[in-house]
Amino acid sequence: MKRLIFSLLLAASMGSTAIAVPVADTFSDPTMETRARALQRQLRCLVCQGESIDESQAPLAAELRHLVRQQMAQGKSDTQIRQFLVTRYGDFILMRPPLQPDTYFLWLLPFVVLLGAGGVAYWVIRRSKPVNSGTL
Amino acid sequence: MLGELGQLALCFALALSLAMTGAGLIGARAGTSIHVELARRIASASAMGLFVFVALAFGTLVTAFVTSDFSIADVANNSHTLKPLIYKISGVWGNHEGSMLLWVLVLSLYAGAVAFLQRGGKRLTSAALGVQGLLAAAFLLFILFTSNPFLRLDPAPFEGAGLNPLLQDPGLAMHPPMLYVGYVGLSASFSYAAAALLVGEDGWARAARPFMLIAWMALTCGIALGSWWAYYELGWGGFWFWDPVENASLMPWLVATALLHSALATERSGAFRTWTLLLAIGGFSLSLIGTFLVRSGVLSSVHAFASDPTRGFFIMVLIVCAIGGALGLFAWRAPTLQGGATFDTVSRESALLLNNVFLVGSTAAVFVGTLYPLALDALTHGQQKISVGPPYYALTFAPIFFVLLLLVPFGPQLGWRRGDLKASIRALTPALGLAVIAALVVLAVASPRTLTGTLAFAVAGWLIGASILDILKRRGARASAFAAALAHAGLGVTLLGVSATSLWRAEALDVVAPGQTMTVGPYTLRFDGVERVQGPNFQATEAHLALMDHSRVVSVLKPESRVYPAEGQEVADTAIRTTGLSDLYLALGDYRGQGRWTVRAYVSPLAPFIWLGALVMALGGALSLWGRLRLKLGVPSPVIMPAE
């Protein structure tokens, strides 16, 4: 949390010097641009309500977009960029929570519940008395 | 004077709710029928009185807002003389105190309706009123002790502080009341279910059916309104964010949908008795949890007006008591209920059960996705924060719900107690044809061609095709026989809109100077500069963008950026031009110097279908309800087909 606050302050203080202009921040290469947009959608704007940095109009989001594009231009892979941002801001920046011991519960619960409910349903259907055959 | 009147009305309402609780619960356990009858009458009269007094209190608060009576703190903090009338009224529920009063108003409306309609046996009605009274009492205490909307301010200020400009919008004026009619409407099913457990009586599912339907329809419309608002107001064309507050309304909807289906089987053949009870309890419990999440300040958003810890604590205790009490009652009484219906493995009953399995699975995904980050944050004392965004739901909720949609068409085809799977598949073949056509259209037209999009369109075609077949099959039946077909078709329509908008939206983000053009999708727009416009309580910068067909101007779109001086906030107001099949969507960004402005433009294919589908779903609910009320009023109806 401390790390997060610190980085936010840092980003806010830098805000005045490097305002990302949307037009300048576009790759001319369409595959790079598509990659950048996809990557931006996976990163959370840290100061907004559940928006990704792709959608957000907050200055910090513009900052992060700029950073992502800078690193892409340096030839870094998506994984490297995500890793860089996670070390800087923590897992909070990832829109898709990583699969790690403290998120197993999060990722597995829906399917455990689904299987459990399916099991109960199977049991109920098996237990139900079948309609007397012969009439149909 | 006004404030004291409201306060007094609330106190009377509290007394009546306590009388209702006492009489209702005594009626549930009374020995002789004459005592039951007496208790039921007292509880019914109290319920109607409760509604009258809460309505009086609410009317008082509305009057205070309309007349800008700033001696009442709630009005001073949330209103302003210059606000248009509609936002003075909607300001009543645009804040914590007023929205809790609206909550209780809806709760007592349902209490009054239960008392008025008297569905179900005398003991059952009496017990249901008792439980509903207990809920009302608890929330009235919450209002009177922690969230009193009638507190005075002395001296009264000359001007109010205004309302969050984001909330000053016609869609959002309607959204909370609609959502509450749904959210809180599930209380009636909850009360009937608890009553059924208390008195061990059957027939509660039939008695509670109209309330379930109304709650479900209102939730459907309320969620759709909220999503529509987010779409046109937030300025980037999104319609669903998987925001915890949205999820808080989606969870009761999913469970209410499961309940509607399960209760159908319970009513029809006595199947799944205990399960249906559990769903009724679960649905309202999720409404309560949603209220807690939204109202306690655990989540900060436009919805979270309160961040007072005592309120959060009070609501939490209230919820734990309500949910814990109901579940305890369930654990104690449910085993005594008789179960075991007669049906084959392939039957309508099994299909409804399968529907519930997938709805419960998808609810679990939304539930854990919403609450787990909060729990993890609390457990690690803020050391570990994670975000659960759209990609999580795309990998958990979406596949589960997708399988559900695949299975939907089989339900109405299978007969009660005994179905014929092969015959159903044969009957559904034309729908399969429509699914293939939809998939081929995607492959031929769409760019980029994605697997998700192709599958989504195929399933939408499958759903809509199956509904058409169902409607054709039931030709000539009473209107309510088409309820399920319509609701299921609505799902298909929404699916078309959601997938097309998410996958094939064209967008442009340009900085334009007057006279310059920008293109988005098939459209060319010419920027003709901005104009300052004075609104009733805001100043707007209105951009003029001419939609061009070569050199001819087809239409001028005017996205705005509004500044609300009273509230000191800036809000974007988008411009949308719809053809019904796609939306051209413009939002004005920031000023770039030398007359240049940032403009965001989107072309969202099939976007209107998202909300049209919800409307069709709700219409399905309305047809079903209409059939019920007609039966209740004794209108002779043609031969009943196995409908719904």
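Chain B contains 20 helices and 10 strands, where helices (H or I, at least four residues) and strands (E, at least two) are DSSP runs numbered from the N terminus. This is a predicted model, in which local features need pLDDT of at least 70 and side-chain atom pairs count only at pLDDT 80 or more, while totals for chains, interfaces and linings use all residues. Residues are numbered from 1 along each chain as its sequence is written, and chains are lettered from A and ligands numbered from 1 in the order in which they are written.

The radius of gyration of chain B is 26 Å, which agrees with the value near 26 Å for a compact globule of 644 residues; the radius is taken over C-alpha atoms, and the globule rule is 2.2 Å times the number of residues to the power 0.38. Along the principal axes, the C-alpha atoms of chain B fill a box of roughly 85 × 75 × 55 Å.

Turning to the sheet, four strands of chain B form an open, antiparallel arrangement in the order β1-β10-β9-β8, two strands being paired if DSSP finds at least two bridges between them. Because β1 (506-512) and β8 (575-578) of chain B stand at the edges with a single partner strand each, one side of each is left without a neighbour in the sheet. Within the sheet, strand β9 (residues 582-593) of chain B is joined by nine bridges to the antiparallel strand β10 (residues 596-605) of chain B, and B:S582 has B:P605 in β10(B) as its bridge partner.
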